Amino acid sequence: MGQEDNILELRISQVGLGHLKELLSSLVLADADADHNEGERVVAAWLKARKLLESRRKRDTFFAPAMFGEAPWDILLTLFATSEGTLGMSVNHLAEKSGVPATSCKRWLEYLEQEQLIFRRGHDRDQRMTLIALTDRGAERMRSYLDAISV
């Protein structure tokens, strides 16, 4: 593992420590072995998502982002890799964090919602705001994909 990899791991751990703790604390199952295995799976998928997201942002410093038009993937990856993706993220914040222009983001959200990968809900305190989050189906698909690849 090179120095860049070590720095990436450190940044991932610093940025995501709170989310990682939240993920681990939510895995309370009756069977300890199943809990351990599922916990490892969730954490491994989450770390892969963070690495992919960081890699995609790094790629944008070398190449024009327009070369890689994968808006729906960037949206799903951002939701999965951030704690806000679990709790919900405003459309504008999601567009900013994913690097997808707000107008494109809104269009793709319609599609992702039809595919039952994301859902919208009202904000608890600000009824003018809509929050976007992954559905259970969306989160499971992301985990399954990330389990199947090596990063």
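Which residue in strand 3 is the bridge partner of arginine 121? Leucine 131 is the partner. The legends below start from an overview and then move to close-up views. The model shown is predicted.

Along the sequence, the pattern reads α-α-α-α-β-α-α-β-β-α. The protein has 151 residues, and 36% of them are buried. Its accessible surface comes to about 9,200 Å². Carbon and sulfur atoms account for 54% of that surface. Now take the contacts between residues at least 6 apart in sequence: 56% of these join residues at least 24 apart.

**View 1**
Strand 1 covers residues 89–90. Two bridges join strand 1 to strand 3, and these strands run antiparallel. Strand 2 and strand 3 also run antiparallel, with five bridges between them.

**View 1. Bridge partners link strand 3 to other residues of the sheet.**
Start with methionine 89, whose bridge partner in strand 3 is isoleucine 132. Next comes arginine 121, which is partnered by leucine 131 of strand 3. Glycine 122 has threonine 130 of strand 3 as its bridge partner.

**View 2. Methionine 129 sits in a loop between two strands.**
The loop runs between strand 2 (118–122) and strand 3 (130–134). Is methionine 129 buried or partly exposed? Its relative accessibility is 30%, so methionine 129 counts as partly exposed. Set aside its neighbours within four places in sequence. Methionine 129 is then in contact with Ser90, Arg121, Gly122 and His123. Methionine 89 is 40 residues away along the chain, yet the two C-alpha atoms are separated by 9.6 Å.

**View 3. Helix 3 is largely enclosed by the rest of the structure.**
Helix 3 spans residues 71–81. Why is it described as enclosed? Ten of its eleven residues are buried, so the rest of the structure largely encloses helix 3. The buried residues include Ala71, Pro72, Asp74 and Ile75. Leu79, Phe80 and Ala81 are also among them.

**View 4. Helix 3 packs against helix 6.**
In general, two packed helices are described by the angle between their axes and the distance between the axes. For helix 3 and helix 6, the angle is about 75 degrees and the axes are 10 Å apart. That makes helix 3 roughly perpendicular to helix 6. Helix 3 makes the contact through Ala71, Pro72, Ile75 and Leu76. Helix 6 contributes Cys105, Trp108, Leu109 and Leu112.

**View 5. Helix 3 also packs against helix 7.**
Helix 7 covers residues 136–148. The packing angle with helix 3 is about 95 degrees, and the axes are 10 Å apart. That makes helix 3 roughly perpendicular to helix 7. On helix 3, the contact uses Trp73, Leu76, Leu77 and Phe80. On helix 7, the contact uses Ala139, Met142, Arg143, Tyr145 and Leu146.

**View 6. Helix 5 has a buried side.**
Helix 5 runs over residues 91–98, and Val91, Leu94, Ala95 and Ser98 are buried there. These four cover an arc of only 100 degrees around the axis, which puts them on the same side of helix 5. What does the face turned away from the buried side carry? That face of helix 5 carries the exposed residues Asn92 and Glu96.

**View 7. Two residues have a positive phi.**
Glycine 99 follows helix 5, and its phi is positive, near 80 degrees. Glutamine 116 lies in the loop between helix 6 (102–114) and strand 2. Glutamine 116 is not a glycine, although its phi is positive, at about 60 degrees. Most residues other than glycine have a negative phi.

Terms used
Residues numbered from 1 in each chain as written. Predicted model: local features only at pLDDT ≥ 70, side-chain atom pairs only at ≥ 80, totals over all residues. Heavy atoms only, no water. Buried < 20%, exposed > 50% of the residue type's maximum accessible area, 1.4 Å probe, protein only. Arc of directions from axis to C-beta. Contact = heavy atoms within 4.5 Å. Areas by Shrake-Rupley, 256 points an atom, 1.4 Å probe, with all protein chains shown as cover. Pairing = 2+ DSSP bridges. Axes fitted to C-alpha atoms, helices over the stretch in contact; angles between N-to-C directions. Parallel < 35°, antiparallel > 145°, perpendicular 65-115°, else oblique.
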